[in-house]
Amino acid sequence: MKMLPLLCALPLAGCAVDRAGYPSLAPRAAERLGFNEPAIAAPAPLVADPALNARLATLATTLATVTKGFDADAARARRAAGVGTARTVGSDAWLDAQSALAVLDDWRAQASALATELEALAGERAASVGTPYPALDRLRERASAEAGRQSAGIAAIGATLPLP
C-alpha cells in the first residue's frame, strides 16, 4: 500500500517535462499576411507589330488560297466518288476517286502546316513578349478550324467509297 501514492504521482511527473523544444502555437508571419488574392496589375497596352502584321497578312492570303483550292477539288472528288462504277474496288472510277482524295490530302496538309506555323508564332510571341496578339489568335483559330473542316470533308467523301 505504500507504493500506491507513488504510482499515482508517477503520471503527474510527465506534466513537469520541459516543452521548450516544441514550436509555439502563436500565429506565424505567413499567417498574419492573410489569404486575400494579390492585386493583379493591369495588362500592358497592345503595341502594333508591323512585321507580325505583314506575316499574318501573307499567311491569311495563303489560307484563303488553300481554302479555295480545297473547295474546288472537293467538288471534283465528290463527283468522282458519286460515279456508279466508283463503288467497285479497282475500277477506273474508283481509282479516279482515290486520286481526287489524294489531292484533297495535299490541301489538308497545307492547311495543317499553316495552323502549325501559326501555333509556333503564337508560342514565340508568348515566350518573348508575353502578351497575346488578337490578330494572330484569330488567324490561328481560323487555320485550325479550316484544317478540321478539311479533315471532316475528306472523311465524308472517303466514307462513300468501298475499302480495298
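## Starting at arginine 149

Is arginine 149 buried, partly exposed or exposed? In this predicted model, arginine 149 counts as partly exposed, because its relative accessibility is 36%. Buried would need a value under 20%, and exposed one over 50%.

Arginine 149 has a charged partner. Its side chain meets that of aspartate 71 in a salt bridge, 2.7 Å from N to O. Aspartate 71 lies in helix α3 and arginine 149 in helix α5, so the pair ties together parts that are 78 residues apart in sequence. Aspartate 71 is partly exposed too, because its relative accessibility is 34%.

## How α3 and α5 pack

Two packed helices are described by the angle between their axes and the distance between the axes. Helix α3 covers residues 50-82. Helix α5 covers residues 134-159. Their axes stand 11 Å apart, at an angle of about 10°. That makes α3 roughly parallel to α5, because angles under 35 degrees count as roughly parallel.

Residues from each helix make this contact. On α3 they include Leu56, Leu63, Val66, Thr67, Phe70 and Asp71. On α5 they include Leu136, Leu139, Glu146, Arg149, Gln150 and Ile154. The residues of the contact divide into 15 nonpolar, 2 polar and 5 charged. Aspartate 71 and arginine 149, the salt-bridge pair described above, both belong to this contact.

## Glutamine 150, a buried residue

Glutamine 150 lies in helix α5. What is its relative accessible area? The value is 0%, so glutamine 150 is buried. Its side chain has a polar contact with that of glutamate 146, at 2.8 Å.

Which residues touch glutamine 150, leaving aside its neighbours within four places in sequence? They are Val66, Thr67, Phe70, Trp107, Arg108 and Ala111. Val66, Thr67 and Phe70 are also among the α3 residues in the contact with α5.

## Salt bridges

Side chains of opposite charge can pair when their charged atoms come close. The count here comes to 7 salt bridges. One of them joins arginine 55 and glutamate 117, with the closest N and O atoms 1.8 Å apart. This pair links distant parts of the chain. Arginine 55 is in helix α3, while glutamate 117 is in helix α4 (residues 92-128), 62 residues apart. Arginine 55 is partly exposed, because its relative accessibility is 35%. Glutamate 117 is partly exposed as well, because its value is 27%.

Arginine 140 and aspartate 137 both lie in helix α5, 3 residues apart, about one turn of the helix. Their side chains meet at 3.3 Å, N to O. Aspartate 137 is partly exposed, because its relative accessible area is 21%. Salt bridges that share partners also build a network, which joins Asp71, Glu146 and Arg149.

## Leucine 104 in α4

Leucine 104 is found in helix α4. Is leucine 104 buried or exposed? Leucine 104 counts as buried, because its relative accessibility is 0%.

Where do its contacts lie? Leaving aside neighbours within four places in sequence, leucine 104 is in contact with Phe70, Asp73, Ala74, Ala77, Ile154 and Ile157. Phe70, Ala74 and Ala77 of α3 also take part in the contact with α5, as do Ile154 and Ile157 of α5. Leucine 104 and alanine 77 are 27 residues apart along the chain, with their C-alpha atoms separated by 8.1 Å.

Conventions
Residues are numbered from 1 along each chain as its sequence is written. This is a predicted model: local features need pLDDT of at least 70, side-chain atom pairs count only at pLDDT 80 or more; totals for chains, interfaces and linings use all residues. Side-chain values use heavy atoms; hydrogens and water are left out. Helices (H or I, at least four residues) and strands (E, at least two) are DSSP runs, numbered from the N terminus. Buried means under 20% relative accessible area, exposed over 50%, partly exposed in between (1.4 Å probe, protein chains only). A polar contact is a pair of N or O atoms within 3.5 Å; within protein, one must be able to donate a hydrogen and the other to accept it, and residues adjacent in sequence count only if both atoms are side-chain atoms. Contact means heavy atoms within 4.5 Å. Axes are lines fitted to C-alpha atoms, for helices over the stretch in contact, and angles run from 0 to 180 degrees between N-to-C directions. Angles under 35 degrees count as roughly parallel, over 145 as roughly antiparallel, 65 to 115 as roughly perpendicular and the rest as oblique. Ala, Val, Leu, Ile, Met, Phe, Trp, Tyr, Cys and Pro count as nonpolar, Asp, Glu, Lys and Arg as charged, and the others, Gly among them, as polar. A salt bridge is a side-chain nitrogen of Lys or Arg within 4 Å of a carboxyl oxygen of Asp or Glu.
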